[in-house]
Structure formats: structure tokens, C-alpha cells
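Subject: Structure handover

Hello,

Here is the structure we talked about. Please look it over first, then read the notes below.

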Amino acid sequence: MFEQFQIPHGAMEIVKKLQDRGFKCYLVGGSVRDLLMGKCPDEWDLTTDARPEEVAQSFQKVVPTGLEFGTQLIILEDGKYEVTTFRTEGRYLDGRHPSIVNFSKELHEDLSRRDFTVNAMAFDPVKGELVDEYNGQKDLKKKIIRTVGDPLARFFEDGLRTVRACRFAAQLNFKIEKKTLSAVKQSLNVVQKVARERIHDEIIKVLTKADYPSICFDYMLKTGLLNLFIPELVLAVGVKQPREFHKYDVFYHSLYACDAAPKDRPAVRLAALLHDISKPECKDGDHFYGHDQKGGEIAYAILKRLKFGNELTNKVINLIKNHMFNYESSWTDAAVRRFINRVGMENLLDLFALRIADTSAMEREIDSGYLLELKKRIDKIVADENALKVSDLAVNGQDVMQILQIGPSPKVGETLNSLLEKVIDDPALNQREILLKLIK
Ligand code: ATP
Ligand code: MG
């Protein structure tokens, strides 16, 4: 049935073993959807009527990853497989998660709790039998996202499904079916109750799995979802930019920059989405003075709100604050070293990727030869082993404290930083004797 891709040996082994023991077992959800679309699934999900303890007894390496929901990870030689016991969901009292999870013996009950028709198919790879009770195949052909059952009821059970509809539309490059779309608009109250961590996970997925995350954010704008989570971006709608450079308003420029950023670098995609976030506020005629610094501050608030971790947040903020760099061949080597020091060696390639994404979402083709030139100069500076950060100096905090006869204090850092500035201007100064004298 799925000629392009072999079902992995491990998945077959699990299905056979459980069937031998008298249970049913199917591939399900995203893996079946992806196989039918001719894509290789990145996760293999299986569903069975065996109870969690019966699954655990059947295999050697089993990790209970979500046991309260009946989910376990089976680790085999060729990979990891998520096996979940058939379940029906109890009533959703809070619109966030089911109040009780009931295990079931019936596949059709398990499929009926799933969110979208394209995600509600099961496949038995031993018998070669596809179970498709909600016309998932038809919707795959029509390229639409449609809920299983009444959309409003399904969104009231779990508000996250509204965001998932937008995420899958982008990930699969599908349209959201009309009734489903209009139900999203009527479910905003429920969405507000959803834990932010779950929204975060969907945003990460759209950034890392979709070729065009703009499809998701555009649906979120049109349904009112974006206003709940990133109202600052909604303010960019209709904000005009000088025609000479830009064919889009700030909103669509941001979305298309996000599309153009590499899928495997979520920090760059987020930075692209938010790099002009303060433009509406900073607009002064045709100018947006200070929008890089201010943008960093606004983006910080957004990323905290959406539960992004510190490391990713700091990286994104740094990219946004530095996105307006303006390299010219006339820069001195000292200026290039200061640039490296300001951005951080480890962020330079991401900053260049952001610049390329940013300019490709503009009107004019901009020759990016200057980036290559800058990159060459940076490589040379690195090869020359110039000091670019405080830890590269030939002296350290201990030396400063000893000479100035002070204990640990901000003064130590300030002194080292001012030495670094001198060394960046003149690398020849980075010798212990000279720096010790300078401290004095
Ligand atoms: P991806 O390839 O992006 O992981 P997926 O379909 O595997 O896509 P997941 O978020 O991993 O998506 O969810 C796995 C499956 O679980 C879905 O296909 C769907 O059947 C079901 N599912 C997940 N979340 C929900 C939800 N909130 N409501 C109903 N069903 C859900
Ligand atoms: Mg999945």
C-alpha cells in the first residue's frame, strides 16, 4: 500500500507481537497521514487494545512517557515507538485536558477522540488494512483540515485544537475547512484557558516542521487567535513601509521573513517573525528609529509569555537587537572585531541567516556579496587568534583584584571590559606585561 516507504522493522515487530498475544495493534495518527501523503513519518505512533501493563510485559525496554494517558515508549534496535492504549476521553470540564481517561477495547472509540480527519486513520501493516471512518483520505486529497465531528464541540472540549488546526494547515500546506474555520473564531474564550506550554509546543512545531509558517500565523490573525497570544504582531497589520524597499506591510514582511528563514533554526525563524515587532510603535514618517533595540524588549515579553526557555529567548533577542548592522568595506579591522564582540561569535551565522531572510521578504533583490566579504574578514580575524571576548585576554579577574587590591565587585568586570576595548582596537596590546601595566 505504501510503496515509497518501508514500514520499519521495529513497528512490524511490535504489531506482530501484540497480535500474536491476541491484541489489536495499528499505526495511527501522523504516521498514517504522512505515509498516505508519500512522506516518511518522523515519529511512529501505534495504538492497541492491550492495557499499558500488558504492553509493558510484552517488551524488554519500555519507558512510561505518559502513563496516565496510556502512552509508553518502546525502545527497539532500530528506533523508538510510541504505543498508546485505545482510549476514549472523559468529559473536558476545563477545556484544557480530559478530566478522566478511559481505556477502551474499540479502535473506533480511539479514532473518534482524535482531532482532525486526516489524523484519525489507523493502519494494520500485517493485514494491510486501512481504517478510515471519517473520510481522512478524501480530506487529504482535498487538502483540508476538518475536525472529527462537530467542530465547535471538539474545540470546546480542548481549545488547543484551534491552534493545532492552524499549525497543521501550515505544516501540510492545507486549507482549514469552512465550518471548522468559523468554529475557531467562536472558540476564543476556551482557547484562553489552554496552558501556555501547550501553545508553545505548537508554535515550535510550526516553526520547525512547516515550509511556510506564515500560513499558520495568517490563519491565527484572521481567526483572532493571534490577538490572544501575540497582539503586538497584530499591530503591524497595515503598517506601511517605504515603497522603494518594501512591497509588504510590516505584518506580511515579518511572516514572509519567517518563511524564508531556515526551518532547522527556530531561533532565526522566531527572530525573523519578531524582528520588526516594534516598528508600529517606532514609526516616524518613513523611519523607524531604534526599532531594533525596542524590538528586542518587546520580543522578550512575548517569548516569556509564550514560555520559551532562557537560552532560546536570549538568542532571539540578541539577533533582533543586532539585525540592523550595516557593513561596508570601509569598516576597519577594529570595527569588525567590535562587531564580533557585540554579536558573539556563536551567533554570527544566525545573524547572517536572519539578514538573508529579512531582505528576501522585501521588494528589491539585494546583493548579499557584502555578507561574504564580512564573513571572510571575520574568518581572518579568528585565524589570527585575536582577543574577541574578556576570556581571551592575557590577564584575568584575579590579576585585576590583586593589582587594584579589591575583592570581587562590578569594578573587576568593568576593568576587564575596558581592557578588551583597547585590545580590540589594537591586538598587539594583548600581552600580560602590557595589560598588567594598563590595569595600574
Ligand atoms: P506531527 O507529525 O506533527 O507530530 P501528529 O499527527 O503526530 O503530527 P501529534 O501532535 O504528535 O501530531 O499528535 C499525535 C496524534 O494524536 C494526532 O495525529 C491526533 O490523532 C492525536 N492528537 C494529538 N493532540 C490531540 C488533541 N489535542 N486532540 C485530539 N487529538 C489529538
Ligand atoms: Mg507526532
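C282 has a relative accessibility of 15%, which counts as buried. Buried means under 20% relative accessible area, exposed means over 50%, and partly exposed lies in between, with a 1.4 Å probe and protein chains only.

First, the ground rules. This is a predicted model, in which local features need pLDDT of at least 70, side-chain atom pairs count only at pLDDT 80 or more, and totals for chains, interfaces and linings use all residues. Residues are numbered from 1 along each chain as its sequence is written, chains are lettered from A and ligands numbered from 1 in the order in which they are written, and side-chain values use heavy atoms, with hydrogens and water left out.

Cysteines

How many disulfides does the whole structure hold? The search finds zero. A disulfide is a pair of cysteine sulfur atoms within 2.5 Å. For C166, the closest cysteine sulfur is in C216, 5.3 Å away, so that pair is too far apart for a bond. C166 itself is buried, at 0% relative accessible area.

The chain overall

The chain has 440 residues, and 51% of them are buried. Its secondary structure comes to 24 helices and 11 strands. Both are DSSP runs, numbered from the N terminus: helices are H or I with at least four residues, strands are E with at least two. The C-alpha trace spans about 80 × 55 × 45 Å along its principal axes. Take the contacts between residues at least 6 apart in sequence: 66% of these join residues at least 24 apart. Contact means heavy atoms within 4.5 Å. The accessible surface is about 21,300 Å², and carbon and sulfur atoms own 50% of it. Accessible areas come from the Shrake-Rupley method with a 1.4 Å probe, and for residues only the protein chains shown count as cover.

D139

D139 sits in helix α5 (residues 136–142). Is D139 buried or exposed? Its relative accessibility is 2%, so D139 counts as buried. Its side chain makes a polar contact of 2.9 Å with that of R146. A polar contact is a pair of N or O atoms within 3.5 Å; within protein, one must be able to donate a hydrogen and the other to accept it, and residues adjacent in sequence count only if both atoms are side-chain atoms. Beyond its neighbours within four places in sequence, D139 touches T117, V118, I144, R146 and F174.

Helix α22

In α22 (residues 397–404), G397, D399, V400 and M401 are buried. Their cover includes α23 (410–425) and α24 (432–439).

Best wishes
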